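Open the model in your viewer and keep the selection panel at hand. We will go stop by stop.

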Amino acid sequence: MSGLLTEAWDRIAGRMRAEVGDVEYRTWLQQIVLGPVDGDEVTLMLPTRFLRDWVRSQYGDRLSALWNQEIPAIRRVELQVMRPGDVVAAPPAADGEGGASAAPAEVTPAPAARAASAPSDRVSDTRSDLVAPLDQRFTFDTFVVGKPNEFAYACARRVAEKPSSVGFNPLFLYGGVGLGKTHLMHSIGAELIRRGGISVAYMSAEKFMYRFIAAIRSQSTVEFKDHLRSVDVLMIDDLQFLIGKDNTQEEFFHTFNALVDAGRQIVVSADKSPSDLSGLEDRLRTRLGCGMVADIHATTFELRISILEAKATASGVVVPGKVLEFLAHKITTNVRELEGALNRLIAHANLFGRPITLESTQDVLHDILKAHDRRVTIEEIQRKVSEHWNIRLTDMSSARRARAVARPRQVAMYLAKQLTSRSLPEIGRKFGNRDHTTVMHAVSRVQELMERDTAFAEDVELLRRMLES
């Protein structure tokens, strides 16, 4: 059985290498060694707890699926940290094409972690590996432009056509979840690669952090820095992930400076503007805001209809206009969720050969629609907050600035942002035609007060529960 297991593990390792790429494989998976089998469970071992936890979270499900495909009797994969004296099979050969020895070997964790591959191998071909995550579906041609995103789209186009243009470096894109930031970043990368002659590195902030940690662990930080600082365009997605990660922020700051000083282009995305990313170092926030900052607003009904029409046309399935309007009215906050709902409808129609109707839409998407049924209104929020703090409802839209009135008004704005799908300008209009920046300040102020004042936080949470119930 041990020979069968070893051969199966060789094939699985080869498939994982093919799926994730050489650099990813060498960094995270090459140090896995085959442990014992107990019933329907196979044990894989890694030299450190950090590696074990990372592999479990990122690749655990895929490893289980591949083992089950190779040997159906194996249904579970257990990942463990190696201890001195553990007897395991040798890991697959470095070329990923088998060659593992069936003879057991005694493993000592600390040396194994360093000896699995030379430090220079860990980050070789980093540039080509960073290009790989670009999604070919995300191009400028497939991006639906409307009033909420037209400025961000124009800025992204400009960077793709003329990287490092004055006033556009860095380009900072920000907006809520599922509004198109990642799509635009992939579009920039795809356009630059299509034109050729420009090296592009794209990664999430999370991946930047873990690659930096891996470089420290493998004593290859110089190679890591050299690779990133040699690209022509560096794109970092979801920068808010670096909040609280001081060492990674420090490295990103120096990488940022090195690239900008060398005339290279940087594109960054986050869920908030640079000035609102509390938790980032001031010097980094300042540098991020010195180029072009472009926000993507919440979608309008017209834009959602345009997105649905484009997706329906591309699928080749006839979707009635009434169904598109129904979806655009029901799912308002997240374009990804909107597209996912349409994909589900189209898949159901293709699988069962049935036309899409309003009735079938409500049946197929009942769980999504149920989640969107409960809609808290701004008027309801204003009424509840006014009653809680015993102020007049008219004070919500009045010009009074006394703290006894201003603080409840800020709480109402905060809850409106949290519990409704209204945009900041729409919320501002409901509070006496106030500017959207006033709403942003109110949300930020309430969050700060909730962190410092437990009693205030309990009041706000109580109001939230009352409104949601």
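## First stop: helix α19

This is a predicted model. Select residues 403-419, which form helix α19. The helix has 17 residues and reaches 24 Å from its first C-alpha to its last, close to the 24 Å expected at 1.5 Å a residue. Now show the surroundings. Is α19 enclosed or open? Of its 17 residues, 13 are buried, so α19 is largely enclosed by the rest of the structure.

## Whole chain

Zoom out and colour by secondary structure. The chain holds 22 helices and 10 strands. It has 469 residues, and 47% of them count as buried.

## Cysteines

How many disulfides does a search of the whole structure find? The count is 0. Select Cys155: its relative accessibility is 2%, under the 20% cut-off, so Cys155 counts as buried. Move to Cys290. Its relative accessible area is 48%, so Cys290 is partly exposed, falling between the 20% and 50% limits.

## Confidence

Finish by colouring on pLDDT. The chain averages 82, and 87% of the residues score at least 70. Then select residues 85-132, where pLDDT stays under 50. The model has 106 contacts beyond four places in sequence for this stretch. Where pLDDT is low, the predicted coordinates should not be read in detail.

Conventions
Residues numbered from 1 in each chain as written. Predicted model: local features only at pLDDT ≥ 70, side-chain atom pairs only at ≥ 80, totals over all residues. Heavy atoms only, no water. Helix = DSSP H or I, 4+ residues; strand = E, 2+ residues; numbered from the N terminus. Buried < 20%, exposed > 50% of the residue type's maximum accessible area, 1.4 Å probe, protein only. pLDDT = per-residue confidence, 0-100. Contact = heavy atoms within 4.5 Å. Expected span 1.5 Å × (residues − 1). Disulfide = S-S within 2.5 Å.
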